[in-house]
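Here is a friendly walk through one model, topic by topic. Have a look at the sequence and the structure first, then read on.

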Amino acid sequence: MLTDYHVHLRTDDLDATAAAAFTAANAERYREAAERAGIAELGVSEHIYRFRESLAIWDHPYWREQAIDDLDAYCAFVREQTDLRLGLEVDFVPGREDRTQNLLERCELDYVVGSVHFVGELAVDHDRYDIWERARSPEEVWRRYFEMLAQAARSGLFDIVAHPDLVKVWGAARPLPEGDLRRYYEPALEAIADSDVAVEVSTAGLRKPVAEIYPAEAFLEGALAAGAPVALSSDAHQPEQVGFGYDRALELLDRLGVGELATFARRERRLEAIG
Ligand SMILES: [Zn+2]
Ligand SMILES: [Zn+2]
């Protein structure tokens, strides 16, 4: 059985409204796309920072600009008007674990996707808050990114760690540390080994300048050796992206001997054969 859990009904476009995104008809467009791609388990995971309630976690200018939706209305919509799994994509904000936990308890979620986009006040993947312009070196960005991912994995807040090496998103458009990148993965892989968290294999990177699946094969091998289950997702922001590039992801999983995917209901995890 195939899954796509990291899916957004709402685009990142500020003109897009919740009223337009959170409708049964829009959910049905995603469901139909999933059916065409042979994906039985479909869930949505809107960004936490799209919801007003998230400003209780972090008062960042980007969040302030984005936080216009109502979290309870989103949860009620997904439960009452769709047959989709209910998730959230939640940024790990160090020091705000309790506040994050409080917010996650408002809804009975099926799963929580944990992400690192921001390292400090700046983002690895957002050109308006670009960390790369101000960082001392690419080494520093990579080191701090994976240390935060390790903290996220250990926090116990999340069921899945999303796009684990998002730091590579820009590909050749940003500087890259020299040599073997595995040295940066180590703290995150240790944390994954110590935690009961699934690792996302995301085809979103194929649509980005880097044009690679997240995570790199060496990272995924390390996570599998640590015993982590795999959650497969596309990070679709429109129906056409549901299941995007899954042929490449399935080839990778098959080659690494992964025969099962993590599935979630009410934050309970089960493994299902890919088939
Ligand atoms: Zn993300
Ligand atoms: Zn996402």
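## The disulfide

The S-S torsion of cysteine 75 and cysteine 107 is about 90 degrees, so their disulfide is right-handed. The sulfur atoms of cysteine 75 and cysteine 107 are 2.2 Å apart; a disulfide here is a pair of cysteine sulfur atoms within 2.5 Å. Searching the whole structure turns up one disulfide.

The bond ties together distant parts of the chain, 32 residues apart: cysteine 75 belongs to helix α4 (residues 71-81), while cysteine 107 sits in the loop between α5 (97-104) and β4 (111-115). Helices (H or I, at least four residues) and strands (E, at least two) are DSSP runs, numbered from the N terminus. Both cysteine 75 and cysteine 107 are buried, where buried means under 20% relative accessible area, exposed over 50% and partly exposed in between (1.4 Å probe, protein chains only).

## How to read the model

This is a predicted model, in which local features need pLDDT of at least 70 and side-chain atom pairs count only at pLDDT 80 or more, while totals for chains, interfaces and linings use all residues. Residues are numbered from 1 along each chain as its sequence is written, chains are lettered from A and ligands numbered from 1 in the order in which they are written, and side-chain values use heavy atoms, with hydrogens and water left out.

## The zinc site

Which residues hold the zinc ion (ligand 2)? His6 (NE2), His8 (NE2), Glu89 (OE) and Asp235 (OD) coordinate this ion at 2.0 to 2.3 Å. Donors are N, O and S atoms within 2.8 Å of the metal (3.2 Å for Na, K and Ca), and since water is not among the atoms, sites may look incomplete. Glutamate 89 also bridges to the zinc ion (ligand 1), 3.6 Å from the zinc ion (ligand 2).

Histidine 8 lies in the loop between β1 (2-4) and α1 (18-21), and aspartate 235 in the loop between β9 (230-233) and α10 (246-255), 227 residues apart. Histidine 8 counts as buried because its relative accessibility is 0%, and aspartate 235 counts as buried at 7%.

## The nonpolar cores

The largest nonpolar core has 90 residues, and Trp63, Tyr74 and Phe219 are among those with the most contacts inside it. Helix α7 (residues 138-154) gives the largest share, nine residues. A core is a set of buried Ala, Val, Leu, Ile, Met, Phe, Trp, Tyr and Cys residues joined through side-chain atoms within 4.5 Å. A second, separate core of nine residues includes Val113, Ile160, Ala231 and Ala262.
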